[in-house]
Amino acid sequence: QKLARRRDFESLTLFVILVNALWIGYETDTNTAEALPKAAAIYQIFENLFCLFFVFEITVRFLAYRDKLQCLRDAQFLFDAALVVLMIMETWLVYPLAALAFDGEAAPDGLSALRLLRLTRMARLVRLFRAVPDLMIILKGMSLAFRSMFWTFFLLLMLVYVFAIAFKILTKGNPLEEIYFNTVMDSMATLLLPGLLPDSADVVFSIGQENFFFAALFMTFVIIGTLAVMNMLVGVMVEGVSAVAAVEKEASAMGFVKRELKSLLESLDHDDNAKLSKDEVGSILLNPEACRLIASVGVDVSGLVEIATFELFGKREEISFPEFVELVLQLRGSNTATVRDIINLRKAMMEELQAAANGIVEQLRAAAADAAAGPPRRPDRDTKRIGRLVDPLTEVGEFDEC
């Protein structure tokens, strides 16, 4: 478990996966052998080293489970284990068994198709995506948009099909029929490739003349790469530029407001001590320029004065310029409420309730003292009545602020 949970072990595994993916591309270009036993020694050594490492990695992960049956509930483990099994079959089992089946002869050329199993190793790159959160966000975005993309593509096919029939009917007997619209399928190919994907038309037609399956596979790549990934890249870039523009615009506006407010507050500071008193803040209501500037950032001027009186001048006689500017920026109408705002509101309400309760208790105590000192008509009954009112309010006045 210690080895499986180590960050170094996970990083090493991701590095080997990346190297294996690059090695598959290099081997595909340089290895001309039809089967692994016929390949040069360097290729066999690397294939066995990769297979040995992935077997070791999946074994460590399996042994890390306290309850071994829990691995059956881990989809990632099952996926990686299936890839390792396919790799073991390709590297260590299939070719030796084939050699035994053919009386010790070399593996037949027909087994060269097993090289396609190496493509399954590319699925391990999904683990690299998980190590990079930004890639996972894009993949999840594509998966969420897959349903909409499918129906959009279906609508596109229906549109192409309808127009293909229309062109087939309209060009009947016309020289264009033999060139572009001989059949409905030819009409659809003309509308889809030269019409919608003109850059890929020649390549698809050339591939299609040799093998229809390869042409369909190429078209699938073009659709996924062009319509999905590239358009998503454009969307991500547009969103990024919009976010940066909004942040820069906000920062520029706040910088201007801070500079203007500082200049304005300096003019309101009559005693030149770089601080504002309650009367100086109240004079904002009488200054048209101050009202215009504060209102331009979405702050209610009268509400600002009331909140400043309650929030800042509750325990102090004067406040600094930065404190007042921060309060102005916090009271903008475009700001969203946060947990901190709720906590501050709760604290303010508790303080006000505490002060109100204490004031009521003091007034009742003073009334009780006056009643006890004067000649009441019914002293015992009045004193008991006031005492009943003072006792519970005293308890209220002693509750904890938090």
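## Salt bridges, cores and a helix pair

The side chains of E362 and R365 meet in a salt bridge, with 3.9 Å from N to O. A salt bridge here is a side-chain nitrogen of Lys or Arg within 4 Å of a carboxyl oxygen of Asp or Glu. This is a predicted model, in which local features need pLDDT of at least 70 and side-chain atom pairs count only at pLDDT 80 or more, while totals for chains, interfaces and linings use all residues. Residues are numbered from 1 along each chain as its sequence is written, and side-chain values use heavy atoms, with hydrogens and water left out.

E362 and R365 are separated by about one helical turn, because they lie three residues apart in helix α15 (residues 339-373). Helices are DSSP runs of H or I with at least four residues, strands are runs of E with at least two, and both are numbered from the N terminus. E362 is partly exposed, with a relative accessible area of 48%, and R365 is also partly exposed, at 41%. Buried means under 20% relative accessible area, exposed means over 50%, and partly exposed lies in between (1.4 Å probe, protein chains only).

Side chains of opposite charge can pair when their charged atoms come close. The structure holds five salt bridges. Three of them are listed here.

| E362 | R365 | 3.9 Å |

D80 counts as buried because its relative accessibility is 0%. R61 is buried as well, at 15%. Together with E57, the residues R61 and D80 are linked in a network of salt bridges. In the remaining pair of the table, E177 is buried, with a relative accessible area of 11%, whereas K168 is partly exposed at 21%.

The next topic is the nonpolar cores. A nonpolar core is a set of buried Ala, Val, Leu, Ile, Met, Phe, Trp, Tyr and Cys residues joined through side-chain atoms within 4.5 Å. In soluble globular proteins, nonpolar side chains tend to be buried together. The largest core has 23 residues, of which L261, L276, I284, I294, L304, F324 and V328 touch the most other members. At least two residues each come from α10 (212-268), α12 (288-296), α13 (301-311) and α14 (321-330). The largest share, six residues, is supplied by α14. A second, separate core of 18 residues includes W23, F50, F53 and L128.

Two packed helices are described by the angle between their axes and the distance between the axes. The axes of helix α8 (residues 184-196) and helix α9 (residues 201-210) come within 8 Å and cross at roughly 135 degrees. Axes are lines fitted to C-alpha atoms, for helices over the stretch in contact, and angles run from 0 to 180 degrees between N-to-C directions. A189, L193 and P194 of α8 make the contact with A201, V204 and F205 of α9, where contact means heavy atoms within 4.5 Å.

Finally, A39 sits in the loop between α2 (7-30) and α3 (41-63). A39 counts as buried, at 8% relative accessibility. Leaving aside neighbours within four places in sequence, A39 is in contact with N31, A33 and Q44.
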